[in-house]
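Look at the strands and the confidence values as you read.

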Amino acid sequence: MKISKTYGKTFALAALLSATAIAGAEAHVTFLDKEATAEATILATLQLPHGCDGKATTEVRVKLPEGFVFAKPQPKAGWELEVIKGDYQKSYDNHGDKVKTGAVEIRWKNGNLSDDFYDTFVIQGKVSGVEAGTSLAFPVTQICGDTVEAWDQVAKEGGDAHGMKSPAPLLKVVAGEDHGHDHDDMAGMDMTGKTGMDMSGMSGMGTAAPAGEAVKAGDLEVSGGFAKAMLPGQPVGGGFLTVKNNGQTDDRLVSVTSPAAGEVQIHEMVTKDNVMRMRQLKEGIAIAAGQTLKLEPGNLHLMFQKVKTPFKQGDTVPVTLTFEKAGKVELVLQVLSAQGK
Ligand SMILES: [Cu+2]
């Protein structure tokens, strides 16, 4: 691991001013919000302030600590995603189910983040079975081509993390107002929906059929459209649908747009040897003559990027699907729970 001289100086200055956290002087890989509420589902946002010695960052690996469970990374445009699954040391309760395995490491790969730019990498997860006052360490490996920076130093219990050259980002667990006892994660809370913009009005636009209803275009029949509810502040969401090709010729879903998102990508998710990979299918997806194509959770899906208002259960999301032969199809997706039920 290499740390440049300039970097060392920056840190020394930061240490001098360290009585309070000064975000502007932060040169380490850290969390945007360094506190997490016990037993809450949170968005852990890692900030990468720079590359490695001036080189662009091409890969970011984050090891997840015990007690940060049911983790899901936020996909980023321009990066491939890998989720390494493994066994938890303990088992955790997820809405009544005992869960013993899950994501243990997240990798954003094959990206290109210039040293001149700052970016964030977000992981949704639940802090569970961790006492308030404990700090959870998330060792990070930052890869810039052939240069590797390991942000993995962890202070011993009671030790001082100040002065470390490459500390692992820490999340300090704080007690929740509900005495650390909750039945609902944030996604659940959001479903009760207090205020916020309602996107259901959008379904009135255009000539699309009501939410969830099948739409025919030429030989194609598109049905079963739904999206998953998102956490507050989350800019990325998943969408799903089924396309049946009743014709004699192959067709292809080439692109998707939606007024609810800055961009809609077609994604593939493949799990092999406990590693989940997600990548964008830039060529779209073929639907062979006589075949049915299913976009479903854990498999092919639509990825809504740059979503301005996170989808809430009960909302509807209009989409325009463009097929090579059948042309444009307007569809309305029903927003279900965050679990897609
Ligand atoms: Cu995706």
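Q: In what order do the three strands of the open sheet with mixed pairing lie?
A: Strands here are DSSP runs (E, at least two residues; helices are H or I, at least four), numbered from the N terminus. Two strands pair if DSSP finds at least two bridges between them. On that basis the three strands form an open sheet with mixed pairing, in the order β2-β12-β9.

Q: Which strands are at the edges, each pairing on one side only?
A: An edge strand in this sheet pairs on one side only. That applies to β2 (35–37) and β9 (135–137).

Q: What does the twist average from one strand to the next?
A: Axes are lines fitted to C-alpha atoms (for helices over the stretch in contact), and angles run from 0 to 180 degrees between N-to-C directions. From one strand to the next, the twist averages 35°.

Q: What is the bridge partner of Thr30 in β3?
A: β1 and β3 (residues 41–48) pair in the antiparallel sense over two bridges. In β3, Thr30 has as its bridge partner Gln47.

Q: Which residue takes a positive phi in the hairpin of β13 and β14?
A: β13 (residues 215–217) and β14 (residues 220–228) pair in the antiparallel sense over three bridges. The hairpin has two residues between the strands. The one with a positive phi near 60° is Gly218.

Q: In which sense do β14 and β23 pair?
A: β14 pairs with β15 (residues 237–245) in the antiparallel sense over six bridges. With β23 (residues 327–336), over three bridges, the sense is parallel.

Q: How many contacts does the model have for residues 178–207, beyond four places in sequence?
A: This is a predicted model: local features need pLDDT of at least 70, side-chain atom pairs count only at pLDDT 80 or more, and totals for chains, interfaces and linings use all residues. Residues are numbered from 1 along each chain as its sequence is written. pLDDT, the predictor's confidence in each residue from 0 to 100, stays under 50 over residues 178–207. Counting a contact when C-beta atoms, placed from the backbone, lie within 7 Å, the number is 49.

Key:
Two residues are in contact if their C-beta atoms, placed from the backbone, lie within 7 Å.
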